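Me: Hi! I'm new to reading protein structures. Could you walk me through this one?

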Amino acid sequence: MKLEGIRVIDLSLFLPGPLATQFMADHGAQVIKVESVHEGEPNREIGAKRDGVSVYFANTHRGKQSLALNLKDPAGVEVLMRLAEQSDVLVEAFRPGVVDRLGIGYAQIAKRAPRIVYASIAAFGQSGPYRDLAAHDLATEAMTGVLSLNRGGDGRPALPALANADMLASMMTLSGLLMALLRRKETGRGDYLDMAMADCLLACLPNNMGVAMTERRQPDLKSERALGGNALYGIYETQDNDFVVLAGQELKFAKNLLEPLGRPDLVELCKLPPGSGQDPVRAFLREAYRTKTKAGWVEWFRGRDVAFAPMRTLPEALEDAHFKARGMVLKDSRGWDHLGVPIRFAAEPARPNFEPPAHGQHSSAILRSLGYADGEIAQLKARGAVKGA
């Protein structure tokens, strides 16, 4: 697999860091999750569980090893330092300044492990006026303006279903880590990544920044092509109070839809810019979609070249034949569902290991690999610097 031979230390919590490092584990990296001796990864206790293992934890920590350390104890810090000397990547997501106070910041780690690629993930990054604000995903979506674009039919901002900042930071951190590892082959040196969730959100708004950049004006959502202004890019209610979507604004799709529905005259209006000029098209489609059930429209659209899709629930998506065929819904020997690996290589594909680690399960084995004798390990456990499973 692509990342065999790479060792990753994961000090992060919740979603951005753990998901990035899980993708690395899926592709062959050895990922060592460093957890507190007192409390493990919060994901262990969040949401529904199967045989005592939360789905959230299983979907972010499969195939990793767990090392439980007390990083407030110098002996625990020394364990981490020795581990860093034998590792390639370290990912942390403490609030800015915490790792430096613990003695495990980049400058401190790099003195002993100059080849380490070290990534810090924070809501607003390691610098700037917002550096020390307490924040999770929603706060960054609010501060960057993303939430102002995410409005329901009543015009009020709505809670996003996807943790956009978390997910984007996860994927951009993964990209940065791989860039740095590639560059290290030439220079022999590691590097430091200062990753801000808010930065990642802003970087992903190129298609919605038009009038904000040219006029310093908030976009009128009803006049923006991807935010509600285009009749062929929207959500429509069906006869059975369910929903379908149109998701393609090209003129060919307008013809392929409106002509069979008996309204070729509306095609010309689809040439207009997004906004009120397309209101007659929207009004017609609202009425039309109320004449059939969602299943009826799925059948009607079969074979037609229109960007159409029914709205699915999460259970429906898990049972979808396409996602199963793509390997995005997998089952293990216990019959548990798992999310698949979206990074698909023709050669050396991912081989996810579906076993999530118990808290501190691998502590003793990892310590032995670092040269600690069994007596030393027992002493570390006795003083609370290390915890085993």
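Me: Which residues does Ser36 touch, leaving out those up to four places away in sequence?
Reply: Ser36 touches Ala68, Leu69 and His359. Contact here means heavy atoms within 4.5 Å. Keep in mind that this is a predicted model, where local features need pLDDT of at least 70 and side-chain atom pairs count only at pLDDT 80 or more, while totals for chains, interfaces and linings use all residues. Residues are numbered from 1 along each chain as its sequence is written, and side-chain values use heavy atoms, with hydrogens and water left out.

Me: Thanks! Where does Ser36 sit?
Reply: Ser36 is in strand E2, residues 30-36. Strands (E, at least two residues) and helices (H or I, at least four) are DSSP runs, numbered from the N terminus.

Me: Why does Ser36 count as partly exposed?
Reply: Because its relative accessibility is 32%. Buried means under 20% relative accessible area, exposed over 50%, and partly exposed in between, using a 1.4 Å probe and protein chains only.

Me: And how far apart are the C-alpha atoms of Ser36 and Leu71?
Reply: They are separated by 7.5 Å, and the two residues are 35 apart along the chain.

Me: Let's move to Leu67. Is Leu67 buried or exposed?
Reply: Leu67 counts as buried, because its relative accessibility is 0%. Leu67 belongs to strand E5, residues 65-69. Leaving out residues up to four places away in sequence, its contacts include Ile32, Val34, Leu83 and Ile366.

Me: New topic: rings! How many aromatic pairs does the structure hold?
Reply: There are 11 aromatic pairs. In one of them, the rings of Phe301 and Phe308 have centres 3.9 Å apart and planes at 5°, so this pair is stacked. Rings of Phe, Tyr and Trp (its six-membered ring) pair if their centres lie within 6.5 Å; planes under 30 degrees apart count as stacked, over 60 as edge-to-face and the rest as tilted.

Me: Are those two buried or exposed?
Reply: Phe301 counts as buried at 5% relative accessibility, and Phe308 counts as buried at 17%.

Me: Which residues form the aromatic cluster?
Reply: Phe301 and Phe308 are in one cluster with Tyr236, Tyr289, Trp297 and Trp300.

Me: What lies over the face of Trp300?
Reply: Arg304 does, at 3.9 Å from the ring centre. The charged end of Lys292 sits over the ring of Trp297, 5.6 Å from its centre. A charge sits over a ring if NZ of Lys or CZ of Arg is within 6 Å of the ring centre and within 35 degrees of the ring normal.

Me: What about Glu348?
Reply: Glu348 also isn't a glycine, and its phi is positive, about 50°. Glu348 lies in the loop between strand E13 (337-339) and helix H16 (363-369). Glu348 is partly exposed, with a relative accessible area of 41%.

Me: Last one: how many helices and strands are in the chain?
Reply: The chain has 17 helices and 14 strands. Buried residues make up 44% of its 389 residues.
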